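Dear colleague,

I am handing over the structure below, together with a description of what was found in it. Please keep it open while you read the notes that follow.

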Amino acid sequence: MARGLISWAWLRKPYCIQARFSYLRMKYLFFSWLAVFISSWVVYVQYSSYTELCRGHECKKTICDKYRRGVIDGSACSSLCDKDTLYLGKCLSSKPNNQVRSPTFSPLSPPPTSLRKWLAPVPQVYTGSWGDLEGVIKCQMGDILQYDLGADMEPRKEAMLFDKPTKGTSVEKFKEMVFSYLKAKVGEQANLQDLANLVLSVADSNKDGHISLPEAKSAWALLQLNEVLLMVILQDKEHTPKLLGFCGNLYVAEKVEYTSLYGLHLPWLLELWIPSGVRRSMDQWFTPSWPRKAKIFIGLLELVEDVFHGPFGNFLMCDVSATNFGYNEKHDLKAVDLRRVVPEAAFREAMRDRHCDVDADCVYGADCSTSCDLTKRRCSTDVIQPNLAKACRMLKDYILRGAPLDVREELEKQLYSCMALKGSADQMEMEHSLILNNLKTLLWKKISNTKDS
């Protein structure tokens, strides 16, 4: 009897093993199918984003069609549309790190009307070659059909981009339009006419001393783009990319060799699976040598000076993110995206009319905020933190990692003093300047005799 039971157990054992293997195989197949499904979905979403953001042929077709019909003109039009010497190369808009982030507002309150003009659409960004020049081409696809599911449930066309100035507008009238627009944008400035003259000199793309109607339409469209205005204002500053040319609202800017302060570039598919905390740690490891990082940081401090104490008023940096800055082969810092650097005058005017219930209602972008006056239910006009404090906060870990021991303690002390700055720079001018100069002096003193600097 016992022998029979043993034989029966031996007969059942292969069946149990077989059943277990079948279960494991089914489990493996299920998770394999799930992984394939998720990966396919991610690739589809990314490809859809790519096709939406990278439509270079449509951009060129739209711009060149308006150029050939005599609607617009500019220094890059002939090269782009007639001679084919201006090429749209690799699309950069598909990379997550190169997508321009939209400003944030409280979900309970829409953006102020006076700041809506700063919410420009995300541009298409391409590498470009223009003869012997290497640049970055940015194209605004605005004059296209937008589907607005309103009451009529019908697609309707956006307002024409190149509708101003209208036919018959004199040059003097156009100059008045430019002056009034700039006054509304940067506020009352003693040298505002000089800024208007700068814009008009850019508008005269063929440098013949006259501004044609197509040139004026292009210049007016470009004026709506905050980044272009900053390029004109800071054209003599080394940390701002140069405006090389334009056609309509497509423009070519100086190429920045390294478009990220961190040296590690991963395929976008791999980026999706890396936790943000691990990614930040990886970023800090793959950076230039410390003397070169110090030079980059000094460049950021100089840009803060250029932007706030500019020749045509003060500007606020409302998105101080590492993705908005890069550097060249000499490790001089360059701004990659200036879309969120806004005139202080416009910011104050917007916040003055802003209704609020909590401080979160008084926010523009990622880094510009004021406090809510609960007695008046209005936002105050004074920004909480100056540009310098935001810059120090962004690059604190960047500059402290690898810092020499003989300067690390003093550098960390000065960085925390910098990050603690409150209020606008005008309110604490002396302390602001003292901290900025102390940081620059400390870093320059340490790296001035090193080969890496």
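**What was found**

The protein has 14 helices and 15 strands, where helices (H or I, at least four residues) and strands (E, at least two) are DSSP runs, numbered from the N terminus. This is a predicted model, in which local features need pLDDT of at least 70 and side-chain atom pairs count only at pLDDT 80 or more, while totals for chains, interfaces and linings use all residues. Residues are numbered from 1 along each chain as its sequence is written, and side-chain values use heavy atoms, with hydrogens and water left out.

Of the 453 residues in the protein, 45% are buried; buried means under 20% relative accessible area, exposed over 50%, and partly exposed in between (1.4 Å probe, protein chains only). Among the contacts with a separation of 6 or more, 67% are accounted for by residues 24 or more positions apart, a contact being heavy atoms within 4.5 Å.

Helix H5 has twelve residues (192-203), which at 1.5 Å a residue should span 16 Å, and its end C-alpha atoms are 17 Å apart, which agrees; the expected span is 1.5 Å times one less than the number of residues. The buried residues of H5 are Leu192, Leu195, Ala196, Val199, Leu200 and Ala203. These residues cover an arc of only 140° around the axis, which puts them on the same side of H5, the arc being that of the directions from the helix axis to the C-beta atoms. What covers them includes helix H4 (171-186), helix H6 (213-223), helix H7 (226-233) and strand E6 (243-247).

Helix H7 is itself mostly covered, since eight of its eight residues are buried, and Glu227 and Asn226 are among them. In the loop between H7 and E6 lies leucine 234, which counts as buried because its relative accessibility is 2%. Leucine 234 is 72 residues from aspartate 306 in sequence, yet their C-alpha atoms are 7.6 Å apart in space. Not counting residues up to four places away in sequence, leucine 234 touches Thr240, Asp306, Val307 and Pro311.

**Two helix pairs**

The axes of H4 and H6 come within 12 Å and cross at roughly 5° (axes are lines fitted to C-alpha atoms, for helices over the stretch in contact, and angles run from 0 to 180 degrees between N-to-C directions). That makes H4 roughly parallel to H6, given that angles under 35 degrees count as roughly parallel, over 145 as roughly antiparallel, 65 to 115 as roughly perpendicular and the rest as oblique. The residues of this contact between H4 and H6 divide into nine nonpolar, no polar and one charged, where Ala, Val, Leu, Ile, Met, Phe, Trp, Tyr, Cys and Pro count as nonpolar, Asp, Glu, Lys and Arg as charged, and the others, Gly among them, as polar.

Helix H10 (residues 290-308) and helix H12 (residues 387-400) pack with their axes 10 Å apart and at an angle of about 170°, which makes H10 roughly antiparallel to H12. By class, the contact of H10 with H12 has 16 nonpolar, one polar and one charged residues.

**A residue in strand E2**

Threonine 127 lies in strand E2 (residues 124-130) and, at 25% relative accessibility, counts as partly exposed.

With best regards
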